[in-house]
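Here are some notes for a colleague who is opening this structure for the first time. Please read them with the model on screen.

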Amino acid sequence: MSEASREKTDEIHAGYEFETGMFDRMRSWVDVAPWTRLFRVLRLLAAPVYIGMVVMAVWVSMLLGNMLGVELSALYAPMGLIRPEIVPRTVSAPLSMMSQTSFSLSSLVGVIVCLGIWTPVIQVVARAGASLTAARGLPPAGETLRLTWKRLLYSYAVPLLIIATIFFALLGLYALQLPVVLFPHRIVGVTVGWLVGLAAVPVGVLIAGSMVAIPIGWAAMICEKDPDPIDSLSRGFEALFRRPLQLVGYVVLAMLLVALTQWFSSAALAAANFAWMHVPGAMTHAREFQISAIAATASVAVAWCLTLQFGLLGGIYLLLRRDTGGQEVEDFWQPDRMPQAPLPDLPEQAYSP
């Protein structure tokens, strides 16, 4: 055998030695259990800058809610638009839902306020959580804020695209019902009713899927190099319909971490209230002072839980991107922090003979 053919043979992969055991071929435990990367996001609980941004968002949203006369507590997420009492449990539930559902102007204002305030905050913290999940460390808050500001209009387009799609889908359902108005006959009503009911199924899937696609789309908008609202939404729907079990598993783990954080924050809240209440003369102040002190400590406790939730969103996005597209979690895009200066021109003596 010639030397060239021997070198070519050496380049051929001989395959894995499966008798050595599975764990001998693993680099670390994150290869066996990728979800363990989410535990790195707990570092956000000790990041005062990110927690402070969430606290400010809580205060600003409460202040605007009081000024506009809107109750924002149930509108911090799109899921707040669905009340538990109108969840259909029987065949006749959709009929009763029509009389129970009400969408007022104040609710619309509350949704707009929440989207306007919380979209950049969610993205800033989600990028920090994604960076921790990818073992890239905690990114500088100023750099993340500048990146979020540049992509803010594209991020607002993510829910607007879903809203526009749902609006045109509802117009299509309305158009399907027109024959019943023009020809009020029993056969026409039964036929059109079946058609409208079947056509409403994909619309319902779109509305339900948007609850997952919009948050994942926000995370994709801030974590990927090229901001594209349509591509970001498609990533959310792809994760929901292609990898539902992985999505549920990551969400369950995130819920456990948030529940643990909530328990710790409740203990810290009780200790903080105990501390200021036992300061001499504190309980003799006006009631407004006591309410304000309790609200201040409670807002910090709420911000802890919200910060972890937003950070876990970024980590879950990277894990779902790995499950759906095969892209490694460590492949996390980071912008160029310092522009590369051009090389200086060499003097003529350096290259002239």
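1. Helices here are DSSP runs of H or I with at least four residues, numbered from the N terminus. With that numbering, Ala135 sits in the loop between α5 (105-133) and α6 (141-150). The model is a predicted one.

2. What is the phi of Ala135? Its value is near 60°, which is positive although the residue is not glycine. As a rule, most residues other than glycine have a negative phi. Ala135 has a relative accessibility of 51% and counts as exposed, because the cut-off for that class is over 50%.

3. On the overall make-up, the protein contains 12 helices and zero strands. Along the sequence the pattern reads α-α-α-α-α-α-α-α-α-α-α-α. The protein has 353 residues, of which 34% count as buried. Among contacts in the protein with a separation of 6 or more, 74% join residues 24 or more positions apart.

4. How do helix α7 and α8 cross? Helix α7 covers residues 152-182, and its axis comes within 9 Å of that of α8, with a crossing of roughly 180°. Angles over 145 degrees count as roughly antiparallel, so α7 and α8 fall in that class. The contact of α7 with α8 is made up of 23 nonpolar and six polar residues, with no charged ones.

5. Gly189 belongs to helix α8, which spans residues 186-223. Is Gly189 buried, exposed or partly exposed? Its relative accessible area is 29%, so Gly189 is partly exposed, lying between the 20% and 50% cut-offs. Gly189 and Gln177 are 12 residues apart along the chain, and 8.7 Å separates their C-alpha atoms.

6. Leu233 is a residue of helix α9. With a relative accessible area of 8%, Leu233 is buried, because that value is under 20%. Which residues does Leu233 touch, leaving aside its neighbours within four places in sequence? They are Val158, Leu161, Ile162, Ala213 and Ile214. The C-alpha atom of Leu233 is also 8.4 Å from that of Ser210, and these two residues are 23 residues apart along the chain.

7. Helix α9 (residues 229-242) also packs with helix α11 (residues 287-325), at an angle of about 65° and with the axes 10 Å apart. This makes α9 roughly perpendicular to α11, a class that runs from 65 to 115 degrees. The crossing of α9 and α11 is left-handed.

8. Which residues make the contact of α9 with α11? From α9 come Arg235, Glu238, Ala239 and Arg242, and from α11 come Tyr317, Leu320, Arg321 and Thr324. By class, the contact of α9 with α11 has three nonpolar residues, one polar and four charged.

9. What span does α11 have from its first C-alpha to its last? The 39 residues of α11 reach 56 Å, close to the 57 Å expected at 1.5 Å a residue. Just after α11 comes Gly326, which takes a positive phi of about 80°.

Terms used. Residues numbered from 1 in each chain as written. Predicted model: local features only at pLDDT ≥ 70, side-chain atom pairs only at ≥ 80, totals over all residues. Heavy atoms only, no water. Axes fitted to C-alpha atoms, helices over the stretch in contact; angles between N-to-C directions. Helix = DSSP H or I, 4+ residues; strand = E, 2+ residues; numbered from the N terminus. Parallel < 35°, antiparallel > 145°, perpendicular 65-115°, else oblique. Left-handed = near helix turned anticlockwise from the far one by under 90°. Contact = heavy atoms within 4.5 Å. Nonpolar A, V, L, I, M, F, W, Y, C, P; charged D, E, K, R; others polar. Buried < 20%, exposed > 50% of the residue type's maximum accessible area, 1.4 Å probe, protein only. Expected span 1.5 Å × (residues − 1).
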